[in-house]
Amino acid sequence: TLAGCRMWTLAWLGMASLCLGAAWAVPAKERRKAEKPKADLALYENLDLANYDLTLDNYGEILDLSNYEELYDYGDLAPKIEVGTLAPRPKDSKTLPNLGATAETPKLQPPTTAGRVHPAPFPGTSSMPGLPSCLLCLCVGTSVYCDDADLEHIPHLPPETTYLYARFNRIGAVRAGDFTGLEKLKRIDLSSNSISWADVDAFRLLPSLQELLLPHNRLTALPELPHSIVRLDARLNRIPSTGLRPEAFRDLKQLQFLHLSDNQLDFIPAPLPESLRSLHLQNNNIQTMHEDTFCDSQDHSQIRRALEDIRLDGNPINLSLFPDAYFCLPRLPTGRFS
């Protein structure tokens, strides 16, 4: 009948539409791969990567990232996370770990100190005794800074020390062994301490010592000095002329700066080395001098060009009474001429 034919036709069309839908139900990812133009891939196949330098300026010219999602599909490489994948509990309870027992915490081992040389501790500091000198002081390279550290003794120093600054402390004495073995020590600055005496050999055996700074202490005598000394500063002490060895500075051929102002000297400590450039003796008790204190009285052709700075002001000496004592000097001493 006509009604039956129509129903058959509708049924056939329904089946056909289902088949067509199944055919087009291919994943979009597969269709994208199938429809990917070969021209885009040819761009990268012909690219010579060995003959260009990738910089921020040509980055966009070499690689076209506008179709990056189409060229590279990482859908298959995405990690898949599944729920419920824990390992099954073993049937034998003996194989289970003992959760009640606490594992022993491993003990941390101190860092190794093999091959490292630590400085000796301070022999008698008023605080924190026994600590290495570079913990109580500041060690920078081969310089040791112990300023205002409340020290009562010279610290034991690392053997490579070249400069020591121990100012503004309470050091009372310098012993013979305080600087033993410090062959590279060039400068010692012990300004503003309470040093009342220094052993005669405290500095003499230091082969590299060039500067010894002892101002503002309580010294009454100077120890022997090494021949390498260039600068001696012992201002503001209590040193009389009897506190200087006879001809104490004659053999110091490298001495250039000798500053002994504000002491208790009665005369100028001659003879002075030819290397001397600056002599500060102001504010002492010097009352007289000899004709050969600075110059050779037998050689009137002598010219002593290096010694340009002589300070005798603040002494009870009238410099005009000794005109023959300055003929070899490039400049007259500073002081009273009347």
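Trainee: What relative accessibility does Cys139 have?
Mentor: Cys139 has a relative accessibility of 28% and counts as partly exposed. Buried means under 20% relative accessible area, exposed means over 50%, and partly exposed lies in between, with a 1.4 Å probe and protein chains only. This is a predicted model, in which local features need pLDDT of at least 70 and side-chain atom pairs count only at pLDDT 80 or more, while totals for chains, interfaces and linings use all residues. Residues are numbered from 1 along each chain as its sequence is written, and side-chain values use heavy atoms, with hydrogens and water left out.

Trainee: Which residue forms a disulfide with Cys139?
Mentor: The partner is Cys134, and the two sulfur atoms lie 1.9 Å apart. A disulfide here is a pair of cysteine sulfur atoms within 2.5 Å. Cys134 is also partly exposed, at 31% relative accessible area. The link of Cys134 and Cys139 is left-handed, with -90° about the S-S bond.

Trainee: How many disulfides does a search of the whole structure find?
Mentor: The search finds three. A second one is formed by Cys137 and Cys146, with sulfur atoms 2.0 Å apart. The link of Cys137 and Cys146 is right-handed, with 110° about the S-S bond.

Trainee: Are Cys137 and Cys146 buried or exposed?
Mentor: Cys137 and Cys146 are both buried.

Trainee: And which cysteine does Cys295 join?
Mentor: Cys295 is joined to Cys328, with an S to S distance of 1.9 Å. Their link is left-handed, with -85° about the S-S bond. Cys295 lies in the loop between strand 10 (278-280) and strand 11 (309-311), and Cys328 lies in the segment after strand 11, so the pair ties together parts that are 33 residues apart in sequence. Strands (E, at least two residues) and helices (H or I, at least four) are DSSP runs, numbered from the N terminus. Both Cys295 and Cys328 are buried.

Trainee: What pattern do the disulfides of the chain follow?
Mentor: With bonded cysteines counted along the chain, the pattern is 1-3, 2-4, 5-6.

Trainee: Changing topic: how many helices and strands are there in the chain?
Mentor: The chain has six helices and eleven strands. Nine strands form an open sheet with mixed pairing, in the order 1-2-3-5-7-8-9-10-11. Two strands pair if DSSP finds at least two bridges between them.

Trainee: Which strands stand at the edges?
Mentor: Strand 1 (138-140) and strand 11 do. Each has a single partner strand, so one side of each is left without a neighbour in the sheet.

Trainee: In which sense do strand 3 and strand 5 pair?
Mentor: Strand 3 (residues 163-165) and strand 5 (residues 187-189) pair in the parallel sense, over three bridges. Tyr165 stands opposite Asp189 in strand 5.

Trainee: On to the backbone: which peptide bond is cis?
Mentor: The bond from Ala270 to Pro271 is cis, with omega near 0°. Pro271 sits in the loop between strand 9 (257-259) and strand 10.

Trainee: What phi does His216 have?
Mentor: His216 has a positive phi of about 60°, although it is not a glycine. His216 is placed in the loop between strand 7 (211-213) and strand 8 (231-233), and at 48% relative accessibility it counts as partly exposed.

Trainee: And what about the phi of Leu236?
Mentor: Leu236, which is not a glycine either, has a positive phi of about 55°. Leu236 lies in the loop between strand 8 and strand 9, and it is partly exposed at 37% relative accessibility.

Trainee: Finally, what share of the 338 residues in the chain is buried?
Mentor: Buried residues make up 32% of them. Residues 24 or more positions apart account for 43% of the contacts in the chain with a separation of 6 or more, where contact means heavy atoms within 4.5 Å.
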